Amino acid sequence: MSNKTPEIVMLSMSNYVRPDIVEVTSRDWVLNGRNNSFYQYTIDRFKGSPTNAAIINSYSDFIYGKGLRAKNTNTQQGLKDWTKLKTILMSKDLRKIVYDFELFGQASMDVIQNNGKELSSISHISQNMIAPSIENDNYEIEKYYFSKDWTKYLQAKYKPEEFPAFDGKSKQSIYSIKPYKAGKLYFSDPDYLAGMPYAEMEEEIANLNINAIKNGLSA
């Protein structure tokens, strides 16, 4: 029998931490986590957890349903308005807007108006590419910034573009759907925020089992 002192191995388990909202004071925008990273974290949990993905896909399908419907198409004016709306907001854009809303808890649209200030088009913008400006003295967001990749926004290719918040006057603006959330000023977390650690856990359990199989089921 060996008198050797048993070796104690300490395993450090990292904790789930929701990224802080980073207000870039040297700029004019607010990011949802460093470099808008919380959006990517949300996308990763969607891709990594089959349960989470199935629920989000199902809810977005339920919300979209059969798309927009009109009740007053039996009148000439109602039919005219409905036909115009179908040319302004395409079904494919509406589905993407609904999907972002369910995945991120908010969604954004690119709104184009003609010179007569009439709506010309409403199209989807990926929410993870949008950052709101710092609120003014009246607690209003006056503009939004767009970048295809906020991790590289210092590069000329990804330099943020400024657009006014929708006001019914600008030729091109951004309208953001953001439900009220207690304690939130700039962002609206998804409804399933509390379940994200479990989505990540499901992903890590799958990785653990795959690694065990690839290593011949050895410890």
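A cavity here is worked out on a 1 Å grid over the protein atoms alone, as a set of points where a 1.4 Å probe fits but cannot get out. Grid points are joined across faces, edges and corners, and the volume is the space filled by probe spheres set on the points. Keep in mind that this is a predicted model, where local features need pLDDT of at least 70, side-chain atom pairs count only at pLDDT 80 or more, and totals for chains, interfaces and linings use all residues. Residues are numbered from 1 along each chain as its sequence is written, and side-chain values use heavy atoms, with hydrogens and water left out.

So what lines the second largest cavity? Look for Asn32, Phe38, Tyr39, Thr42, Phe104, Gln106, Phe187, Ser188, Asp189 and Pro190; a lining residue has an atom within 4 Å of a point. H1 contributes the most to this lining, with three residues. By class, the lining splits into five nonpolar, four polar and one charged. In this scheme Ala, Val, Leu, Ile, Met, Phe, Trp, Tyr, Cys and Pro are nonpolar, Asp, Glu, Lys and Arg are charged, and the others, Gly among them, are polar.

The structure has two cavities of 30 Å³ or more. The largest holds about 40 Å³ of space, and its lining includes Gln106, Ser108, Gln127, Tyr144, Lys178 and Phe187. Six nonpolar, four polar and one charged residues make up that lining.

The axes of H1 and H4 (residues 91-104) come within 10 Å and cross at roughly 95 degrees. Axes are lines fitted to C-alpha atoms, for helices over the stretch in contact, and angles run from 0 to 180 degrees between N-to-C directions. H1 and H4 are therefore roughly perpendicular, the word used for 65 to 115 degrees (under 35 is roughly parallel, over 145 roughly antiparallel, and the rest oblique). Tyr39, Thr42, Ile43 and Phe46 of H1 touch Tyr99, Leu103 and Phe104 of H4, with contact meaning heavy atoms within 4.5 Å. That contact has six nonpolar, one polar and no charged residues.

Finally, turn to the charged pairs. There are nine salt bridges, each a side-chain nitrogen of Lys or Arg within 4 Å of a carboxyl oxygen of Asp or Glu. In one of them, the side chains of Asp28 and Lys143 meet at 3.2 Å, N to O. Asp28 is in the loop between strands E1 (22-23) and E2 (30-31) while Lys143 is in strand E6 (residues 143-146), so this pair ties together parts that are 115 residues apart in sequence.

How values were computed. Helix = DSSP H or I, 4+ residues; strand = E, 2+ residues; numbered from the N terminus. 1 Å grid on protein atoms, 1.4 Å probe; cavity = no way out; pocket = protein on both sides within 12 Å on 5 of 7 lines; lining within 4 Å.
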